[in-house]
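Colleague: I would like to learn how to read the nonpolar core, the strand pairing and the surface of a model such as this one. Could we take these features in turn?

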Amino acid sequence: MPSQSKPQLALPAAGERLRCGACGNLTRFDVVSTRRTTAFWHFSLAGELAIEEERALEASAEELRCRWCGSTTQVEVIPALWAAAGTEPTEQ
């Protein structure tokens, strides 16, 4: 019996976003991911932690689920509208 491997899940990079191919959702997703980061931890004299200068070293998606229809098989990475148009997003 051939082994069935899980399809490679991708997280969106700069200029990309998620889209559900089942229902068309572009805005709401449940994402389970594993991240490896490096960060500068700064403790105050009172012992309160502030995490500064955090940077992602790697990230991988374990599950992408559409919040609207619940699909886990139809969520895909697509270009963001502003990236496809060749413009930069503007702050509102």
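Modeller: A nonpolar core is a set of buried Ala, Val, Leu, Ile, Met, Phe, Trp, Tyr and Cys residues joined through side-chain atoms within 4.5 Å, and buried means under 20% relative accessible area. Bear in mind that this is a predicted model.

Colleague: Which residues make up the largest nonpolar core?

Modeller: The largest nonpolar core has seven residues, namely Leu-18, Cys-20, Phe-29, Ala-61, Leu-64, Cys-66 and Val-75. Two elements, β1 (16-20) and β3 (49-66), each give two or more residues to this core, and the largest share, three residues, comes from β3.

Colleague: With which residues is Ala-61 in contact, leaving aside its neighbours within four places in sequence?

Modeller: Once those neighbours within four places are set aside, Ala-61 has contacts with Leu-9, Leu-11, Val-32 and Ser-33.

Colleague: How many bridges join strand β2 to β3?

Modeller: Strands pair if DSSP finds at least two bridges between them; here strand β2 (residues 29-43) and β3 run antiparallel and are joined by 14 bridges. Within this pairing, Phe-40 stands opposite Glu-52 in β3. The hairpin of β2 and β3 has five residues between the strands, and there Gly-47 takes a positive phi near 95°.

Colleague: Which residues form a nonpolar patch on the surface?

Modeller: Trp-41, Phe-43, Leu-49 and Ile-51 form such a patch, and together they have about 430 Å² of accessible area; β2 and β3 are the elements that give two or more residues to the patch.

Colleague: Why does Phe-43 count as partly exposed, and how does Leu-49 count?

Modeller: Partly exposed lies between the limits of under 20% for buried and over 50% for exposed. Phe-43, in strand β2, therefore counts as partly exposed at 49% relative accessibility, and Leu-49, in strand β3, counts as partly exposed at 40%. Apart from neighbours within four places in sequence, Leu-49 is in contact with Trp-41, His-42 and Phe-43.

Methods. Residues are numbered from 1 along each chain as its sequence is written. This is a predicted model: local features need pLDDT of at least 70, side-chain atom pairs count only at pLDDT 80 or more; totals for chains, interfaces and linings use all residues. Side-chain values use heavy atoms; hydrogens and water are left out. Buried means under 20% relative accessible area, exposed over 50%, partly exposed in between (1.4 Å probe, protein chains only). Helices (H or I, at least four residues) and strands (E, at least two) are DSSP runs, numbered from the N terminus. Contact means heavy atoms within 4.5 Å. Patches are made of residues with over 30% relative accessible area and no salt bridge: like charges are joined within 9 Å, nonpolar side chains (Val, Leu, Ile, Met, Phe, Trp, Tyr) within 5 Å. Accessible areas come from the Shrake-Rupley method with a 1.4 Å probe; for residues, only the protein chains shown count as cover. A salt bridge is a side-chain nitrogen of Lys or Arg within 4 Å of a carboxyl oxygen of Asp or Glu.
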